[in-house]
Amino acid sequence: MANEPPEDQEPEPDGDTPTTPTPAEPSKESSAERDKKTEEKPEKDGDGKEEQDEDDLRAAQGKAADPESAESWGRFSDQVDTAVRSLLGWGTGGLAGSFGTANFFLGETSVGQVGDRHGATGYLDVDLRLRSGEVPGPVLERIEQSYVEPEGYAELRYRLEQRQVLIIQAKKGTGRTTTALRLLNETCRAGVRKLDPDRRLKDLTAKDLEPACGYLLESLDPRQAAEFRTFHAEQLEQAMRDQGCMLVVIVDESVRLLESEIGDFVVTGFGRIRPKPLLERYLAWELAGSTTADRELLTRPDVREIVEQLGEELPPRELARLGRLLIDVANNRLDLAYVRDRYSQASSADFSRWFDALQDSDQRAFVIALAVFNDESVQTVATAARMLADRFRRLEAPRREDRARRVFATQLSERVESARAEFTDSTQDTNHGQVQVRKLRFRDDRFPVRVLDWLRLQYTDALDVVLDWLFDLGGEDEHEVRARVGVAVGALSQYDFTYVFNRMILRWAGSGNAEERRAAVAALRVPGQLPELEHVVSRVLKEWAERGTPALRATAAEALGSMTSISTRQALKLMRKAAQPTTAYSVGVGLNDLFLRSDPGQVLDALVRWSDDGRPPDRRDTALLTVLIISRYVVRVETSSERWPVLLWLAEQDDARRTQILVLFSRMLQTADLQRYANQMIKDWVQKSGRDRTIAEPLARLLHDIGRYSGDRAGIRYDLEHWAGARQSTTAAARTVLRLFDEEEEKP
């Protein structure tokens, strides 16, 4: 968008211009000598708070440098992504495998959500990894090729062309975003852009728009909706006309609009989409060019029977999922019997009969536990089910002597079959490496969320017990338990956010237990990705970051890193305010996640500003701690055997990033409390170069440039000599890097 301010550009009392450090005099101190000075540093005078702040910061630095912390962070993030997929069936919009792991990095990522999680009307998994800005051409082309127009599409286009502004009010899952993108792509020759959800429509003017572009605002804040009147709509219409633009605004059906004021701009729904044409279009597009697939699949009698039985209540996203399954059938990757079984069980009536017919509370507890822990280990599901069944039993049998359980009453295989589930064999990451594990999952991957939804709608007394059970599980040590429980609570919050938030999420977020706070982070992921609730979550995190207790600030910082509903600029601003010694580690982890889900250069640029000598000490310390975290936690997977440190890789790929990295590493090496950690990181990188020789030369160049920038080439060379002369695992690698370092010295 034209005239958009750079990220994190808000003026600060202490200025906002990065200061390039003046090169220092060469130093011959070794890391050991620098460490000794650090250890002998006298305690600062002051009250107990200052000493406590120093203790908190040292603890955060030690945690950031600990490899186990990196593994813990990576496993938890992975588990949250897995939980979202397993419980809700959502793709993660590029989040899984990009920031939810400590050993994978996508170089250029702009992760966020445009569109319903499963593009309806024939377009499967739109999942545009874009929060704001230009929608990629290939995405628009794919929508064009696979889209099936609903009955009211012509009317939608006519209304948009007449008024330049169209407000679509429809429930999620109807293909509302895909339809909006199709409309804008058809009517605007200069491309389609997504507006930042933080942008106020009333403030949008012609100078903010690129000529002939289509603009999409995927969710309208209820506060904006309540204030949006005829004057604002007409002013916006004129701005669009002046620039030859079109605007589509999507509003959830739960948001109240002033129909008497802006009714001419609003449409509610866009007609029915018939299953057969949609599936025909989807299969034809997916199977185009295939020489082995059954391209006439829909003409088979057994397939026609399935399609003809589909109810009109089946949402377009489910039709898209059916299309994906039929693609697998056409390519002989899946048996049609599975598809028939899945969609014969899909009706609400059949589901309710099945759940209500479950034989006893123990079996219902097993099904509910499986819904929360779908595709987790058998023991995890069984243990959680037993804990829930005991809670049911205490209510159903108030007298302790009536609560006996028959240990051999029901075989596990019988429980699994009754739950319409199955066993699978898989592997699981542990502190000791990958191990084989047997897991349980529903045969129909829609069952997890349907079980929780049915419980919410029909069994409120049981739901009350389940919420208490989930809350207690949120404090468990196991990553998979916290992640699954948090996501389940987040899923329930979409129906009554205030109740679930106050009863569970807020209590977790304000806890002194870091594990419970992580459960809150996982819970906020779900409403934070829903257009109708993302603005609420954004407001909550803003309040916590600015005025919350240390625990709430820490929770906000960790959540901000993975919350695609908040712009990078706003997230950086809030994390800057949350930066304190007690929250330094959480802010660092949040910035690390933001580094991976947005433009890394924006985050590095903020870290350069924050770490300048003129900044407040808390912010400076947090910025340099973040550099340590990114250095330790994130690597880039290459085709070679070894994984490159991400900052080394970025320094090789981009001169602008290289300059930022030189500044940040120089400042770390010049900061007493961080010198030994930065030095150890360099030593680890040298060791990596021994396992992958392609790392050695870029590493030597980077170390030489850091030494030149900081004025401490002699100190870095001294350390390389020390590692090369010692009898340890780094000896050979250090000699190679030292030789290449010296060659850099000899270059003109």
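Buried means under 20% relative accessible area, exposed means over 50%, and partly exposed is in between (1.4 Å probe, protein chains only). This is a predicted model, where local features need pLDDT of at least 70, side-chain atom pairs count only at pLDDT 80 or more, and totals for chains, interfaces and linings use all residues. Residues are numbered from 1 along each chain as its sequence is written, and side-chain values use heavy atoms, leaving out hydrogens and water.

Q: What makes β2 largely enclosed by the rest of the structure?
A: Five of the five residues of β2 are buried, so the strand counts as largely enclosed. Val 165, Ile 167 and Gln 169 point one way, Leu 166 and Ile 168 point the other way, and all are buried.

Q: Why do side chains in a regular strand point to two faces?
A: They simply alternate between the two faces of the sheet.

Q: What makes residues 246–251 "mostly covered"?
A: That's strand β5, and six of its six residues are buried. Met 246, Val 248 and Ile 250 point one way from β5, with Leu 247, Val 249 and Val 251 pointing the other way.

Q: How do you know that β2 (residues 165–169) and β5 pair?
A: Strands (E, at least two residues) and helices (H or I, at least four) are DSSP runs, numbered from the N terminus. Two strands pair if DSSP finds at least two bridges between them. β2 and β5 have five, in the parallel sense. Ile 167 stands opposite Val 249, and Val 165 opposite Leu 247.

Q: What joins β4 (residues 214–217) to β5?
A: Four bridges do, and the strands run parallel. Leu 216 has Val 248 as its bridge partner.
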